[in-house]
Amino acid sequence: MIFTALPAFCAPEFSIKQTAVKFLLAMGGVALSSIIIYAGLTIYNKIFVRKKSITFNQEDSLSTPDNIDDAVDFFIQKNKLR
């Protein structure tokens with residue numbers, strides 16, 4: 001145990017300021033890359049992704065049927081059994 005702990009004690013000491021600067025630089029890189037990715041995806045969505053028309057079709061409604069007959073009719077319509 002003494003032999004494995006010696007290199008840790010012999011390592012040069014780093015000041016808190018130096019450690020804080022390295023940490024802030026790393027976090028700055030993370031923030032910068034996040035902004036670049038966000039901007040790139042925003043531009044990609046505006047150029048390549050088509051706007052979907054939002055139209056509501058009553059046949060696509062997910063409302064719960066009120067009774068068994070409505071449930072059977074809904075099942076037949078969705079599975080095109082007629």
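I began at the end of helix α3: Lys 80 follows it, with a positive phi near 50 degrees. Helices here are DSSP runs of H or I, at least four residues, and strands are runs of E, at least two, numbered from the N terminus.

I noted the ground rules next. This is a predicted model, where local features need pLDDT of at least 70, side-chain atom pairs count only at pLDDT 80 or more, and totals for chains, interfaces and linings use all residues. Residues are numbered from 1 along each chain as its sequence is written, and side-chain values use heavy atoms, with hydrogens and water left out.

**Helix α3.** I checked its span. Helix α3 covers residues 68-79, twelve residues. From first C-alpha to last it reaches 16 Å, close to the 16 Å expected at 1.5 Å a residue. The expected span is 1.5 Å times one less than the number of residues. At its start, a side-chain oxygen of Asn 67 comes to within 3.4 Å of the backbone nitrogen of Asp 69. I used the polar contact rule: N or O atoms within 3.5 Å, one able to donate a hydrogen and the other to accept it within protein, with sequence neighbours counted only if both atoms are side-chain atoms.

**Whole chain.** I counted three helices and zero strands. The order from the N terminus is α-α-α. Of the 82 residues, 2% are buried. Buried means under 20% relative accessible area, exposed over 50%, partly exposed in between, with a 1.4 Å probe and protein chains only. The accessible surface is about 8,500 Å², and carbon and sulfur atoms hold 67% of it. Areas come from the Shrake-Rupley method with a 1.4 Å probe; for residues, only the protein chains shown count as cover.

**Aromatics.** I found one aromatic pair. Tyr 44 and Phe 48 form it, tilted, at 5.2 Å centre to centre and 40 degrees between planes. Ring centres of Phe, Tyr or Trp (six-membered ring) must lie within 6.5 Å; under 30 degrees is stacked, over 60 edge-to-face, the rest tilted. Both sit in helix α2 (residues 16-48), four residues and so about one helical turn apart. Tyr 44 is partly exposed at 44%, whereas Phe 48 is exposed at 57%.

I then looked at the surface around them. Ile 43, Tyr 44, Ile 47, Phe 48 and Val 49 make a nonpolar patch with about 530 Å² of accessible area together.

**Ser 34.** I located Ser 34 in helix α2. Its relative accessibility is 42%, partly exposed. The Ser 34 side chain reaches the backbone oxygen of Val 30 at 2.9 Å.

Technical notes: Patch = residues over 30% accessible without salt bridge, like charges linked within 9 Å, V, L, I, M, F, W, Y side chains within 5 Å. Salt bridge = Lys/Arg side-chain N within 4 Å of Asp/Glu carboxyl O.
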